[in-house]
Amino acid sequence: MSSGDNPKASDRVCHKGLLYKLSSLDVQGNILTWFKSYLSARKQRVVYSNSSSQFHSISAGVPQGSIIGPLLFLVYINDIVDPVHSNIRLFADDTSLLP
């Protein structure tokens with residue numbers, strides 16, 4: 001997750017759920033295997049000044065700064081409005097319900 005008290009929505013993307021959604025969109029075979037590999041065994045640490053924390057495994061979030069990260073986030077949230085019967089607008093990681 002990102003540092004500080006305001007984690008980004010993209011930090012909350014569950015890898016298992018994202019892989020499920022990719023497979024439900026007919027992403028299969030070698031491509032799905034590549035995504036599994038890309039998301040698995042990811043680690044992060046905090047570096048500040050001359051100190052750094054130990055690496056910790058992460059099982060959620062799309063890689064920041066990657067070209068494919070925003071696309072994976074959109075795949076993950078694309079169906080967020082399906083069960084809601086209202087006028088909804090999505091923009092990036094923000095959702096607004098309209099009258």
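## A polar contact at Lys21

A polar contact is a pair of N or O atoms within 3.5 Å; within protein, one must be able to donate a hydrogen and the other to accept it, and residues adjacent in sequence count only if both atoms are side-chain atoms. Here, a polar atom of the Lys21 side chain lies 2.5 Å from the backbone oxygen of Tyr76.

This is a predicted model: local features need pLDDT of at least 70, side-chain atom pairs count only at pLDDT 80 or more, and totals for chains, interfaces and linings use all residues. Residues are numbered from 1 along each chain as its sequence is written, and side-chain values use heavy atoms, with hydrogens and water left out.

## Where Lys21 sits

Lys21 belongs to helix α1, residues 15-24. Helices are DSSP runs of H or I with at least four residues, numbered from the N terminus. Is Lys21 buried or exposed? Lys21 counts as buried because its relative accessibility is 18%. The cut-off for buried is under 20% relative accessible area, with a 1.4 Å probe and protein chains only.

Leaving out residues up to four places away in sequence, Lys21 touches Val75, Tyr76 and Asp79. Touching, or contact, means heavy atoms within 4.5 Å.

## The nonpolar core

A nonpolar core is a set of buried Ala, Val, Leu, Ile, Met, Phe, Trp, Tyr and Cys residues joined through side-chain atoms within 4.5 Å. The largest one has 14 residues. Leu18, Leu22, Phe35 and Leu72 are among those with the most contacts inside it. Helices α1, α2 (29-39) and α3 (69-77) each give two or more residues to this core.

Leu72 touches Leu18, Leu22, Phe35, Tyr38 and Val62, not counting residues up to four places away in sequence.

How values were computed
Buried means under 20% relative accessible area, exposed over 50%, partly exposed in between (1.4 Å probe, protein chains only).
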